[in-house]
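Hi,

Here is the structure I promised to pass on. Have a look at it first, and then read my notes below.

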Amino acid sequence: MRSRRRGGRKRLTGLRAGVSKGRSSEEVSVMGMERRAERKDKTEPMTAAEAKKPNGGADDCLDTGYSGLEADLMRQVLTRENLQRAWEQVRANHGAPGIDGMTVEQFPAFVRSPQWATVKDALRKGTYQPQPVRRVYIPKANGKRRPLGIPTVRDRVVQTAVLLILEPIFEADFEDCSFGFRPGRSAHDALEAIQEQLKAGKHAVYDADLKGYFDSIPHDKLIACVRMRVVDGSVLKLIRMWLQCPVVEASEGGKPPTVTRNKTGTPQGGVISPLLANIYLHWFDKTFHAANGPAQWAKATLVRYADDFVVLARYIGPRLQQHIEDRIERWLGLELNRDKTKVLDLTQTGQTLDFLGYSFRYDRDRKGRPFRYWNLFPSRRAMQRERQTLREMTGPRHCFKPLPDLIQEINAHLRGWANYFELGYPRHAFRQVNSFTRERLTRHAKRRSQRGYKLPDGRSFYAHFAHLGLRYL
């Protein structure tokens, strides 16, 4: 007991020193809460009291003149330079109009009108009200539909302006294991990190699948996480309103549209949603790498891309599984999809890890030599999606297009697809795509006319498509 008490005093001293080194008083309080949780054998859930008052009374310390928290962000958000950068990003992304029907092309005229000055004045006074979000659905690879919320162009510009100010603040805190929706990081970086750990001998993998992550984030706990770094009430109020913004969904049969408000989650389609999603799961990253976390006692490695993550170690035991599941489900209040979450040993025959469209597999040498290697190639589902895309691009609805123009569209698509799947050993997959593309174009050419497609004398379809500029991977 004495040694434990002495350790507690040392930790307290370190926390006090953390404030002087640039950590906010709220963050210090939460770090202390984490350390108390780590000393227990069983992970405790984040309580409602912790979510509503995450600082543990740290607000009393804010009057001391400490400026570690960002307390006056709205002034930075509304600078001319920041709003101009925000508009340029929204314009570059194009995007569909929101509920008000305003397009990106119409927004400059709106800025020149008195209404834009009213918007900025409302932001300064804290009376700004975001417009409802338009609900649309996009198809998923498994046949289901993914709901998207499309804000108005006006709200997209405001969200982007807030994002440009908040992102550097939270980027300073994020762990190196996080790769999704972060500047200077990409899916390729995450895949290379996994490949490096597999080569280092960490072939046991906990492959996690979060069930409806973006739709299930608790609002109170998410705001508590944002308040670790931001105390500007106007910015916090904006984020709360964006999370609870009315969602308008068109009804069939001439019925009036339905209007709902989200009680949990951050709407997919919102500009600031990826950052908020990263802020919430950052605390899983942080506890994973804490002094008593699996990164220390299990020598495990976490690789996360947004809500997709894997844990790699030499052995995935019950203690490590329990830590991950308790932190995700009991502490953060999320849900793991038990049907898709699995533990793999990639050295076993037939075991494959699918992540971000790629497959990792421990294969035998193709030349018959007595060793194995870590094969990285496009996954089966990625190949199925690519074939379906090519079917749609060469379908009957595109017979009106001149064949050279259609081939240029296919070339642009194949160039982007190949740029993403260039890691590892994609040659076999590329050959399959080349063959399938030629097959689809041949069928497309033959049905363009009832008289059939006439090739130049002595030229095959292969040579003809190459002459028209078809790109082969």
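Which residues have the most contacts inside the largest nonpolar core? They are Leu166 and Ile328, in a core of 74 residues. By nonpolar core I mean a set of buried Ala, Val, Leu, Ile, Met, Phe, Trp, Tyr and Cys residues joined through side-chain atoms within 4.5 Å; buried is under 20% relative accessible area (1.4 Å probe, protein chains only). Helix H8 (residues 153-171) gives this core its largest share, eleven residues. Apart from this core lies another, of 46 residues, including Trp374 and Met393.

Before you go further: this is a predicted model, where local features need pLDDT of at least 70, side-chain atom pairs count only at pLDDT 80 or more, and totals for chains, interfaces and linings use all residues. Residues are numbered from 1 along each chain as its sequence is written, and side-chain values use heavy atoms, with hydrogens and water left out.

On pLDDT (the predictor's confidence in each residue, from 0 to 100), the chain has a mean of 85. Residues 1-45 stay under 50, though, and residues 47-68 are also below 50. Where pLDDT is low, the predicted coordinates should not be read in detail.

Cheers

Technical notes: Buried means under 20% relative accessible area, exposed over 50%, partly exposed in between (1.4 Å probe, protein chains only). Helices (H or I, at least four residues) and strands (E, at least two) are DSSP runs, numbered from the N terminus. Contact means heavy atoms within 4.5 Å.
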